[in-house]
There are 2 protein chains.
Amino acid sequence: MPHETAIARLQELLGDRLSTSNAERTLHGQNETYYPNTPPDAVAYPETTEEVSQILQICHAEDCPVTAYGAASSLEGQHLALHGGISLDMGRMNRVLAVYPEDLTCTVQPGLTRKALNEELRATGLFFSVDPGADASIGGMAATRASGTTAVRYGTIRDNILAIEAVMADGTVIRSGSRARKSSTGYDLTHLLIGSEGTLGILTELTLRLHGTPDAVTAATCRFEDVEQAVQCVITTIQCGIPMARIELLDHMMVRGFNAYADAGLPEKPHLFLEFHGAPQAVAEQMASFEEIAADFGAEGWQTATTTEDRNALWAMRHNAHYASAALGKGKHIWPTDVCVPISHLAEAVAQSQADATRLGLTATIVGHVGDGNFHAGLSVDPNDPDEMARAHEFTHALGETALRLGGTVSGEHGIGIGKQSFMDAEHGAALAYMQAIKQAFDPRGILNPGKLLPAQPQARAAE
Amino acid sequence: MPHETAIARLQELLGDRLSTSNAERTLHGQNETYYPNTPPDAVAYPETTEEVSQILQICHAEDCPVTAYGAASSLEGQHLALHGGISLDMGRMNRVLAVYPEDLTCTVQPGLTRKALNEELRATGLFFSVDPGADASIGGMAATRASGTTAVRYGTIRDNILAIEAVMADGTVIRSGSRARKSSTGYDLTHLLIGSEGTLGILTELTLRLHGTPDAVTAATCRFEDVEQAVQCVITTIQCGIPMARIELLDHMMVRGFNAYADAGLPEKPHLFLEFHGAPQAVAEQMASFEEIAADFGAEGWQTATTTEDRNALWAMRHNAHYASAALGKGKHIWPTDVCVPISHLAEAVAQSQADATRLGLTATIVGHVGDGNFHAGLSVDPNDPDEMARAHEFTHALGETALRLGGTVSGEHGIGIGKQSFMDAEHGAALAYMQAIKQAFDPRGILNPGKLLPAQPQARAAE
């Protein structure tokens, strides 16, 4: 067995919270997308920061890879133990450690999921805003720099984390940030670790910003004749400064998916799904302003949802986009990809991706957080069809190139993981060497999530 | 002359844009606070990124320190060439390179000041929100992670920078971030360089978020019987989610300063200075909600300012707090310090600092961005009075300890610079070694702003 010594030492530390069973390993090798099952050599279930530190001390000493595992909802394979070693399942570190309602903050463990947190917060009148759709773990969301439907109003997870505790490669426990809302003391390690996909340290505690539940919430939908009109409506809305809480685009193919998956009965045209938050007068004012803009772009079928039940049904449908995309092709998997562009180039990027899908003979849904210029393409693929997989790969590559050409980024929220390392040089150029220098300084043995985010460095030249 | 070879090589590169005159050197050794004049050995005036790169290549080869210089408004001595070498005056790199009104972004050079930027943006209906009071350079604000009066609504500079170009210690030019509003591709070098006080790289270009000028703006002031009441009013306002654009506290001593400096004619009681932004109905709604809360805390003397002229007069007064503090002691300098605490502890922190000033026989004004839990103490000191300087040092030390005890940070926006390095260990603990590892990896020769931010490392043990 690979990493035999490390696993033996971990078993001594954790007892039956270290498993090498096939069932556990296979479970931790699964993913939501097209990657083949990638089992780790063992699964560890730490319960405290101290245990995470001890685990890393052992793995550091034994050169054993450690890949953190949250809710397994990552979309670029971030939680897969690509080089074997330990899957560090944070699921038992899932407590709310403290809520500070007067400060609009709370401190949680990384294995807690966002829905469980919001359940616990219900009585306080506060909520945690970041909503990537899946019921992701907070630690996983931080590690992958997640965002989602409400980022346009409340920011991404990056904007909503004040402080972290992390265990570094050799087991050192650090804290970064504080419960204060801002600081200018020293290098921003908090935001360096956020989005580092578990390659620089393991998050063991997070202090989050919360927001007051708005007095009034109204959701709405409307449809447009074509995507161009819908996107221009979004651009104008953002430019006018209407503080949208959510503004989501669905193209006609995505609507077809919802009709197939959830019997939505929507006309197969591009739609916007919207939400307005605020004091009652402010919400009415925002809605009126939006309706005026939307009318200029030929919006039809305006429908509002004011009851909690109706709103929840609407967003539940939206959040099932992944499964609704899958419903378009029997037995197919979804290859999800995302990019983010300056909003002025959004229409061009969406049109280009639709044209690419057509050219490559792929079924692709488009859905996105268009207020941020961020959208997803969900490709129906059969992982056993090498030709289709090659075309999907070509689509993803073309989409990334489109985003870079338009001044954007190859991922707005899914991250790099396994799937997008080939873009790192094109997107970051000379900066990549500084990322590699940080990785080398923080994790010289390369035990933290090896094979992710940073492309393999060119081989050192053989000594002459 | 120290660094003779480097200076000769730079002179060859820059001609008369490299000065060793006493006048230029003395000018660049000045500061707004209590530090003695600290002249560099020479002053360089680059005009392009390429020139900054060439300068750093030379200084790197010659082990010559380089300290970036913007508008010299930093408050912890960040722009002073403490170890000699070159003061890199970015003042000639002060252009707006592009405005993207549809994206609410622009790209600027670091020497541009925030007022000059807003002047250029006037016709677009957009504005750059970060307002630290002084007409600071954008590069300097980024380097020190500045914020100011409007951060409570629009975020600090950290939240308003999308992308940077920077020249690293050896002259390598990197870019980080993009014009897209978010990204999850790779380590966040943008936010690592923001707040690094010129110790990791020199910013040469910044892409900023802009905001739409609100339809309606109303400023207002009111006063309270004591600081406790004023602060509790602020806490309640923030907790209720009223989206304040500005909410500034002035204690009775600060009001006395405004009366002395600007003949403000205000009753010598704690005041709040406020601003509300939004659509007309929303502003009216916010103001009504605030007034209701303020009344519960005994607010009096409610006055509003709706015309641009009246509002400008109000905020000009506020922005002169530094000079108004100085007006309290003839011929005295101001030793400015700031901390930031969780808002629930704000009243305690303010009361403690007032008690400390009294105990130490110091005149201190208190003014702050209290919506963020951030406040400033301005101590009147005579730098030639060692006893008073020692008491001021004791005050600052006690204030930093208070902030840490209450779960906050020793600086919300002024930074570490020269003055607060002694707190770095207490605030960051084990994380400090990771900051030092980054510094070592990025600037192994230590030429970038040496003597700032990071405390000197313990001497290496002599070989036995």
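**The sheet of chain B**

Start with chain B, where five strands make an open sheet in the order β5-β6-β10-β8-β9, with antiparallel pairing. Its edges are β5 (96–100) and β9, each of which pairs on one side only. From one strand to the next the twist averages 10°. Strands (E, at least two residues) and helices (H or I, at least four) are DSSP runs numbered from the N terminus, and two strands pair if DSSP finds at least two bridges between them.

This is a predicted model: local features need pLDDT of at least 70, side-chain atom pairs count only at pLDDT 80 or more, and totals for chains, interfaces and linings use all residues. Residues are numbered from 1 along each chain as its sequence is written, chains are lettered from A and ligands numbered from 1 in the order in which they are written, and side-chain values use heavy atoms, leaving out hydrogens and water.

Next select β6 (residues 105–108) and β10 (residues 202–209) of chain B, an antiparallel pair with four bridges. B:Thr105 has B:Arg209 of β10(B) as its bridge partner.

**Parallel strands in chain A**

Move to β4 (residues 86–89) of chain A. A:Ile86 and A:Leu88 point one way, A:Ser87 and A:Asp89 the other, and all are buried (under 20% relative accessible area; exposed is over 50%, partly exposed in between; 1.4 Å probe, protein chains only). Strand β2 (residues 42–44) of chain A runs parallel to β4(A) and is joined to it by three bridges; A:Val43 stands opposite A:Ser87. Strand β3 (residues 66–69) of chain A also pairs with β4(A) in the parallel sense, over four bridges, and here A:Tyr69 is opposite A:Asp89.

Now select residues 431–442 of chain A, helix α16. Its buried residues include A:Tyr434, A:Met435 and A:Phe442. The buried residues of α16(A) pack against α7 (189–193) and α15 (424–428) of chain A, and against β9 (173–177), α7 (189–193) and α16 (431–442) of chain B.

Then show both chains. Contact (heavy atoms within 4.5 Å) takes in 80 residues from chain A and 79 residues from chain B. A:Lys182, A:Tyr187 and A:Tyr434 supply 16% of the area that chain A buries against chain B, more than any other three residues.

Finish at A:Asp188 and B:Arg158, whose side chains meet in a salt bridge at 3.7 Å, N to O (a side-chain nitrogen of Lys or Arg within 4 Å of a carboxyl oxygen of Asp or Glu).

Definitions and conventions:
The expected span of a helix is 1.5 Å times one less than its number of residues. Axes are lines fitted to C-alpha atoms, for helices over the stretch in contact, and angles run from 0 to 180 degrees between N-to-C directions. Buried area is the accessible area (1.4 Å probe) that two parts lose on being put together, summed over both.
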